[in-house]
Amino acid sequence: MSDKHEEKSSDLALAIDIGATKMAVGLVTRRGEMVDREIIGTDRDKNANDLFGGLAILVKRHIERAGERHGGKVVVIGIGSAGPIEPDCVSVSPLNIPSWRRFPLQEAIREVVVDVPIFGDLDAKAFALAEGWLGSAKGHSNFIGMVVSTGVGGGIVLDGKLLDGASGNAGHIGHIIVRPDGNRCGCGARGCLEAEASGSAIEQITGRPATEPSYEIMQRTGRMVGLAVASQLTRFIVPALRVAIPHRAQNDHQNTIWWRWSRVVQHKPWISFVASSLFLIILTVPMLSIRLGFGDAGNSPCTANKGNNKNEQI
């Protein structure tokens with residue numbers, strides 16, 4: 001029994017974070033404690049293979065550290081990447097890393113570390129899971145986790161389950177339109193939240209570092225994030241309003257409030273947007289966990305570093 005306990009306590013997960021500003025590799029225990037970490041900047045001018053080369057060095061180094069520093073062994077690898085991605089990060093196409101378009105990240109890591117299972121997801125979805133496990137959303141079954149940093153991402157948990165969507169990119173709130181005909185986004189659209197409220201967007205709009213925003217910019221950013229959250233939440237109730245209410249009307253007289261409301265919704269959808277957003281915010285989403293930070297700032301409360309060094313043993 002003690003041997004099994006000792007074996008489990010020495011198990012470590014190799015955690016990989018892919019972002020537009022930095023890439024990080026760390027070692028995490030079964031209790032969610034990060035015991036080692038190293039960060040490198042993301043050089044977006046490098047080609048795909050050279051960029052991965054720097055990450056591969058960190059991966060190899062931490063595989064060695066698992067045994068040498070911590071007397072443990074890496075038994076699983078987890079990847080959180082900026083998106084869009086294919087399920088389990090089979091390929092990744094972070095919008096702010098131009099050289100990685102459908103880059104086969106899982107296969108590339110498998111060539112560095114053999115015989116270890118690899119799992120991956122959007123970085124913000126991984127953040128949401130961590131918040132539900134050990135962070136500010138612990139104990140809540142329905143919540144949204146958001147990351148507002150160099151880019152903008154999100155993860156949605158409903159009834160205790162992470163929402164994946166058909167392609168694994170559900171919750172990618174950064175590409176909800178919050179300002180029609182707004183700034184051009186890296187995805188090609190105009191007015192996406194990421195093009196209006198991310199760190200890189202703030203720098204482009206103001207000409208100042210995102211870490212030095214004016215009060216007006218903070219207000220504007222908060223307003224844009226609020227619009228995106230309301231829009232995301234509305235997706236879950238608008239179909240119910242448009243289908244359930246007319247169905248109710250079939251059984252009642254057409255002069256009832258239900259029938260009148262359904263006619264309003266059909267001809268003025270924006271009213272549905274406002275009403276359903278308020279309804280969801282008040283009643284069905286008790287927890288909205290947001291990580292704010294630009295560049296290397298803004299760590300998840302679950303994985304916040306205990307020091308400021310980029311190469312550290314915790």
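**Exercises on a predicted model**

H172 is buried, since its relative accessible area is 19% and the cut-off for buried is under 20%. The model used in these exercises is a predicted one.

**Exercise 1. Where in the chain is H172 found, and which residues does H172 touch?**

Step 1. Begin with the secondary structure of the chain, which comes to ten helices and ten strands. H172 is found in the loop between strand 8 (161-162) and helix 5 (193-197).

Step 2. Then look for partners in contact: leaving aside residues up to four places away in sequence, H172 touches G83, P84, L122, V152 and G154.

Step 3. Among contacts between residues at least 6 apart in sequence, 58% join residues at least 24 apart.

**Exercise 2. Which parts of the chain does the salt bridge between R65 and D36 tie together?**

Step 1. Side chains of opposite charge can pair when their charged atoms come close. The structure holds twelve salt bridges, and in the one that R65 forms with D36 the closest N and O atoms are 3.2 Å apart.

Step 2. R65 lies in helix 2 (residues 48-68) and D36 in strand 3 (residues 34-41), so the pair ties together parts that are 29 residues apart in sequence. Both R65 and D36 are buried.

**Exercise 3. Is D164 buried or partly exposed, and what of its salt-bridge partner K125?**

Step 1. D164 forms a salt bridge with K125, and the closest N and O atoms of this pair are 2.8 Å apart. The pair links distant parts of the chain, 39 residues apart, with D164 in the loop between strand 8 and helix 5 and K125 in helix 4 (residues 123-134).

Step 2. At 37% relative accessibility D164 counts as partly exposed, while K125, with a relative accessible area of 0%, is buried.

How values were computed. Residues are numbered from 1 along each chain as its sequence is written. This is a predicted model: local features need pLDDT of at least 70, side-chain atom pairs count only at pLDDT 80 or more; totals for chains, interfaces and linings use all residues. Side-chain values use heavy atoms; hydrogens and water are left out. Helices (H or I, at least four residues) and strands (E, at least two) are DSSP runs, numbered from the N terminus. Contact means heavy atoms within 4.5 Å. Buried means under 20% relative accessible area, exposed over 50%, partly exposed in between (1.4 Å probe, protein chains only). A salt bridge is a side-chain nitrogen of Lys or Arg within 4 Å of a carboxyl oxygen of Asp or Glu.
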